[in-house]
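Look at the structure first, then work through the points below.

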Amino acid sequence: MKPRLARAGLLAGSFAMYVGAVCAQEAGLTGDKHAGDVVLARQLLMTEVEANMMAIDFALGGRETFLKTLRDNAYTISSLLSAFTHLFPPQTKPGAPLANDWPTPTAASIKIWEDFEAFYETTQAAANIALDASKAANMDAFKTAGAKLRAACDSCHARYTTSQDAPKP
Ligand code: HEC
């Protein structure tokens with residue numbers, strides 16, 4: 001009786017491991033097998049955010065620019081930030097063993113995962129600031145919104161990034 005029970009326990013254990021393995025490989029969970037690529041994807045999004053922010057920074061510094069261009073850039077930033085927040089599966093924490101594709105050093109701080117809801121809200125708030133900027137009725141209103149957006153970039157980086165690679169305020 002005893003050995004049989006022990007074997008049943010062993011079987012149950014293997015089944016649990018099998019289910020775990022199958023679940024871990026569920027299609028669509030790219031954080032599982034492609035964590036390095038997820039890190040790269042969020043960095044590429046940020047690079048694109050930066051490219052769109054450049055004209056806004058110049059306008060804040062006094063350069064003449066079309067309002068339409070600035071509004072379009074702010075709209076793009078809003079879309080990119082809305083997607084950015086979803087690219088933080090736990091497999092992409094700093095120091096997580098990336099035993100899958102290839103390791104990408106991340107500048108993201110562990111604070112993101114310690115209180116993910118707070119990070120999520122910070123990103124959503126920044127996306128909304130960008131959206132407001134994209135609706136500015138005139139250049140003065142845009143500059144006020146653009147300055148708020150620049151402050152949102154800098155305060156998030158100060159709070160949620162660690163490495164030298166990430167821009168500092
Ligand atoms: C809510 C937080 C948050 C906001 C808002 C934010 N960033 Fe970032 N940014 C990050 C994080 C986190 C990283 C590090 C990503 C990584 O390395 O995994 C980063 C990285 C970057 C990088 C480096 C990308 C690379 O190639 O490694 C640039 C450039 C950048 N941000 C620009 C901006 C600009 C410009 C804005 C404002 C329009 C902005 N960010 C707004 C969180 C934010």
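Of the 169 residues of the protein chain, 22% count as buried. The model is predicted. The chain has seven helices and zero strands. Read from the N terminus, the order is α-α-α-α-α-α-α.

**Contacts along the chain**
- Take the contacts between residues at least 6 apart in sequence: 70% of them join residues at least 24 apart.

**The nonpolar core**
- In soluble globular proteins, nonpolar side chains tend to be buried together.
- Here the largest nonpolar core has 21 residues.
- Ala74, Ile77, Leu81, Ile129, Ala130, Ala133 and Leu149 have the most contacts inside this core.

**A closer look at α6**
- The helix α6 has 19 residues, and at 1.5 Å a residue it should span 27 Å.
- Which residues of α6 are buried? They are Phe119, Thr123, Ala126, Ala127, Ile129, Ala130, Ala133 and Ser134.
- Seen down the helix axis, the buried residues of α6 fall within an arc of 155 degrees, so they line one face of the helix.
- An α-helix has 3.6 residues a turn, so residues three or four places apart point the same way.
- The face of α6 turned away from the buried side carries Glu117 and Glu121, which are exposed.
- The buried residues of α6 pack against α4, α5 (111–114) and α7.
- Ile129 is one of the buried residues of α6. Leaving aside residues up to four places away in sequence, Ile129 touches Ala145, Lys148, Leu149 and Ala152.

**Around the ligand**
- There are 26 residues around the ligand. Of these, Met46, Ala107, Ala126, Cys153 and Cys156 come nearest.
- Ala126 also belongs to the buried residues of α6.
- At least two residues of the shell come from each of α3, α4, α6 and α7.
- α3 gives the most to the shell around the ligand, with eight residues.
- How many residues of the shell are nonpolar, polar and charged? The shell has 16 nonpolar, seven polar and three charged residues.

Technical notes. Residues numbered from 1 in each chain as written. Predicted model: local features only at pLDDT ≥ 70, side-chain atom pairs only at ≥ 80, totals over all residues. Core = buried A, V, L, I, M, F, W, Y, C linked by C-beta atoms within 7 Å. Buried ≥ 20, exposed ≤ 12 C-beta atoms within 10 Å, placed from the backbone. Contact = placed C-beta atoms within 7 Å. Helix = DSSP H or I, 4+ residues; strand = E, 2+ residues; numbered from the N terminus. Expected span 1.5 Å × (residues − 1). Arc of directions from axis to C-beta. Near = placed C-beta within 6 Å. Nonpolar A, V, L, I, M, F, W, Y, C, P; charged D, E, K, R; others polar.
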